[in-house]
Amino acid sequence: MQNYIIKRIWSALVVIFVVSFITYFVLMLIPGDAAQLILGTDASPDKLAELRNAMGLDRPWIVQYLEWLGGLLRLDFGKSYLYSTSVLGLIIDRLPVTASVAVLSILIAMVVSILLGTVSAIKRNTAIDYFSRSVMQIGSAIPTFWIGMLFIIFFGLKLKWFPISDYSPLSDGLFVHLRSLAMPCTVLAIGETGMMLRSIRTSMIDTLDQDYMDMARVKGLKNKTIYFKYAIRSAMIAPINVIGMQFAKLMGGTVVVESVFSLPGLGRLLLIAVEQRDVVLLQGIVMFITAVVVFTSLVVDLIVMLLNPKIRIRTRGE
Amino acid sequence: MLKKVLAVLMSATFVLGVAGCGSSKTSDEKTTETENTGDSTKDTLTIAYTTDPEGFDPQRTAAISTLEVTSNIYDTLITCDADWNIIPDLAKDWTISDDGKEITFNLNEGVLFHNGREMTADDVKYSFERLQDAESPKAKMYANIIGIDVIDPYTIKFTTEKLDVDLLDSFAYPWTAIVPEEAADNLKTEPVGTGAYKFVQWTPQESITLVRNDDYFGEKANIENVQYKLIPDMTSQLAALMVGDVDITEVTADQIDVLNNTDGVKGFSKPQNSIQILALNQENEYLSNEKVRQAIAMAIDKDEIINTVVWGNGTKIGSHLPVSSPYYVDTTDVMPYNVEKAKALLAEAGYPDGITLSLKLPKTYQTHVDTGTIIADQLSKIGVKCNIEIIEWATWMSDVYTDHKYDMTVVAHSGRLDPYNFLSRYKSTSGDYISLLSGDVDDLLDEAVQEQDEAKRKEIYAEIQKILAEEVPCVYIQSLSKFYGLNDKVENFEIYPIDMLNLKAVSFS
């Protein structure tokens with residue numbers, strides 16, 4: 001098992017390195033650079049060359065890449081040209097927002113999905129099953145920006161229950177913090193519930209059809225025990241992978257929801273880095289997101305390993 | 001294990017329940033807060049903005065978003081009011097030599113930088129040298145200044161190489177801000193100026209905070225605090241204005257009526273010093289033919305564009321100057337809308353069966369994208385097929401502006417006081433993406449910038465405008481307006497012909 005974990009961490013590092021190389025390379029192919037944006041409509045070819053030289057943009061990209069990579073090893077992500085501050089600092093500033101949003105949305109989606117998914121798998125083809133299947137369809141079909149606007153207009157403007165553009169950090173108090181996140185997280189959760197619910201329901205149905213479920217019934221165990229002690233545990237293995245990936249996705253920031261609800265999260269930082277060709281910043285965020293995804297999938301694998309006796313035993317045997 | 005899962009679920013439900021309770025409680029608090037700020041004690045002006053500025057160094061950026069904020073933190077030697085009049089600022093008066101090549105400013109005494117040091121002629125000299133150096137985007141515009149002499153701490157003389165009759169105007173732009181040398185390295189994040197507002201804090205992607213400068217040398221600002229609040233989404237901006245979270249926000253033309261019919265808010269619209277053009281690349285095989293360009297000009301119904309895209313809030317133009325410029329002449333009848341004639345011109349040029357051109361539109365500017373879409377439809381009626389490509393601003397800058405790799409594009413030019421700075425890009429030698437390759441305006445432009453007689457200068461600029469209208473390096477569409485939504489209490493809000501948004505006069509009723 002230890003070997004397995006070490007192997008996983010090693011391959012994670014390789015993934016991160018490959019991603020860093022590819023993004024840097026692709027960025028060099030895209031037209032437009034920071035110097036051009038700074039000069040704007042006053043640019044002339046000689047002026048542009050001078051500024052590129054001053055900013056070090058005229059060196060071969062591989063040199064710029066290696067220099068950046070060297071910094072990365074010293075945990076120096078470089079300096080954003082746009083904000084003139086350290087990239088790592090900018091990412092860390094945004095992390096609490098993005099993390100709060102991701103955790104809260106996933107929690108809401110999980111509560112709804114596990115409850116609805118389990119019940120509708122047990123009571124297949126009843127009203128509640130049809131209801132939860134429509135939730136799946138609607139959840140995945142509605143565009144988040146649209147439902148976000150509806151929320152703003154109804155709960156923000158008409159009822160004035162929630163602030164429209166005031167993000168309050170946790171340091172302002174838990175209530176105020178959660179209140180400022182209630183709308184965006186609900187909107188995100190609606191989107192995530194569709195996929196999560198589908199996966200839980202399918203997996204639950206699959207588990208309930210297994211022979212050992214009949215075995216348990218024959219044995220005379222109570223329904224409650226069967227469902228909650230045995231079925232859920234085994235049925236959660238597949239959905240946990242889905243949930244893990246959904247969480248990783250949200251940790252990378254959510255451009256649309258962050259824009260609609262004016263949240264200072266990673267998604268918008270990424271967007272502005274792209275728009276302004278702030279290569280150092282962009283590269284830093286991409287690295288960070290890659291690390292989050294790789295790390296999440298590592299954790300998910302470990303959880304699955306702990307949950308699933310078969311995998312646990314097999315790796316132990318290695 | 002199961003117990004743990006249940007515990008997590010239960011605590012999650014609990015947290016959500018609490019959030020629900022908390023919301024009703026805090027919403028009450030919020031309402032009373034809003035009521036409190038509603039009376040005359042309101043001392044914070046909140047402005048919504050969509051994109052972060054590129055820091056606050058006025059001499060290291062071309063971003064209007066930066067300059068609109070920095071114009072409140074820094075001052076310039078002279079400035080202009082909303083009606084294009086040049087008025088004194090850091091300089092109390094000035095004299096121009098008879099040959100027009102020297103200009104001497106007398107500075108106000110006792111002007112303090114926000115760091116407490118007095119501003120003198122040495123700072124002016126330093127700031128202009130900084131404006132002319134390699135890292136400054138505007139250096140080219142000031143290359144004509146060859147001498148900056150400090151005569152005494154409150155007198156400074158600028159000498160130009162060639163006569164430029166519009167020289168005075170160039171001292172009003174917000175990038176000529178006077179900055180202190182000791183703070184110059186960090187101006188991007190820690191701006192220090194002499195302006196009516198002092199910089200307090202910038203939280204990237206959240207807010208910018210300014211506070212009134214109580215040591216300001218002129219009339220002090222009316223409102224104590226200014227907060228810029230980043231709200232990227234237009235609908236959210238409007239909603240924030242309506243609940244009173246922000247006092248000023250930019251809106252689109254169609255929302256002006258809605259705002260005027262809503263309690264507590266009002267719409268504000270005014271023609272802006274900005275013109276929208278459809279640039280035609282004269283290096284293109286078809287577009288190098290003047291007749292083709294004229295055909296395109298005549299096939300475009302500018303009224304339809306203005307009515308559809310900006311809901312009638314624009315003024316049709318025929319050449320490259322905004323209607324609000326004192327040098328503007330009406331040339332809209334030179335290439336009037338006439339589909340039949342346009343078809344005939346295209347046939348005359350040798351393309352009776354039509355041509356195909358690409359039309360690049362900058363995604364960041366919805367107005368230009370909408371305009372381009374309508375133009376594509378209008379041109380299809382004379383057989384000019386447009387392949388629309390919607391591109392990012394950075395791509396527009398590199399492909400269209402720098403490399404001239406385009407057939408047609410829709411964009412706006414703005415923010416210059418004097419006609420020379422608007423029109424000099426048409427010189428055949430300028431290398432600009434819309435320079436007039438026939439060279440027919442080169443001599444006239446040289447003449448205009450040297451002509452000290454105002455009436456004669458006006459005549460020359462009128463001639464240039466006419467030539468541009470006839471030779472159609474661009475189709476000139478409209479003079480754009482700017483639209484804002486304001487809280488009812490906001491008074492004295494104005495927009496300016498140059499890239500600044502002066503807040504010191506703004507007050508609450």
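Reader: Which residue in β7(B) stands opposite B:V150?

Author: In this predicted model, B:V150 stands opposite B:I156. The pair belongs to a strand contact: β6(B) and β7(B) run antiparallel and are joined by six bridges.

Reader: What is the order of the strands in the open sheet?

Author: Read across the sheet, strand by strand. Here the order is β4-β5-β7-β6 in chain B, four strands with antiparallel pairing.

Reader: Why do β4 and β6 of chain B each have one side without a neighbour in the sheet?

Author: β4 and β6 (145-152) of chain B stand at the edges. Each has a single partner strand, so one side of each is left without a neighbour in the sheet. On average, neighbouring strands of this sheet are turned by 20° against each other, direction ignored.

Reader: Take β5(B). How many bridges does β5(B) share with β4 of chain B?

Author: Five, in the antiparallel sense; β4 covers residues 91-96 of chain B.

Reader: How do I read the two faces of a strand?

Author: In a regular strand the side chains alternate between the two faces of the sheet. Now look at β5, residues 102-107 of chain B. B:I103, B:F105 and B:L107 make up the covered face. B:E102, B:T104 and B:N106 make up the uncovered one.

Reader: Move along chain B to β14. How many of the eight residues of β14 are buried?

Author: Six of the eight residues of β14 (355-362) of chain B are buried, so the strand is largely enclosed by the rest of the structure. β14(B) pairs with β15, residues 384-391 of chain B, in the parallel sense over eight bridges.

Reader: Which residues touch the most other members of the largest nonpolar core?

Author: Out of 219 residues, A:I285, B:L278, B:I296 and B:V475 touch the most other members. The largest share of this core comes from α5(A), with 14 residues. Now follow B:I296. Neighbours within four places in sequence aside, B:I296 is in contact with B:L280, B:L379, B:V384 and B:V475.

Reader: Now chain A. Is A:G284 buried or exposed?

Author: Count the C-beta neighbours. A:G284 has 25 inside 10 Å, so it counts as buried; the cut-off is 20 or more. A:G284 is found in helix α14, residues 279-307 of chain A. Beyond neighbours within four places in sequence, its contacts are A:F77, A:G78, A:V87, A:L88 and A:I91.

Reader: What does each chain contain overall? How many helices and strands does chain A have?

Author: Chain A has 15 helices and zero strands. Its C-alpha trace spans about 85 × 60 × 35 Å along the principal axes. Of its 318 residues, 41% are buried. Chain B has 13 helices and 19 strands. Its radius of gyration is 26 Å, close to the 23 Å that the globule rule gives for 509 residues, so chain B is as compact as a globular protein of that length. In chain B, 46% of the 509 residues are buried.

Technical notes. Residues are numbered from 1 along each chain as its sequence is written. Chains are lettered from A and ligands numbered from 1 in the order in which they are written. This is a predicted model: local features need pLDDT of at least 70, side-chain atom pairs count only at pLDDT 80 or more; totals for chains, interfaces and linings use all residues. A residue is buried if 20 or more other C-beta atoms lie within 10 Å of its own, exposed if 12 or fewer, and partly exposed in between; C-beta atoms are placed from the backbone. Helices (H or I, at least four residues) and strands (E, at least two) are DSSP runs, numbered from the N terminus. Two strands pair if DSSP finds at least two bridges between them. The radius of gyration is taken over C-alpha atoms; the globule rule is 2.2 Å times the number of residues to the power 0.38. Two residues are in contact if their C-beta atoms, placed from the backbone, lie within 7 Å. Axes are lines fitted to C-alpha atoms, for helices over the stretch in contact, and angles run from 0 to 180 degrees between N-to-C directions. A nonpolar core is a set of buried Ala, Val, Leu, Ile, Met, Phe, Trp, Tyr and Cys residues joined through C-beta atoms within 7 Å.
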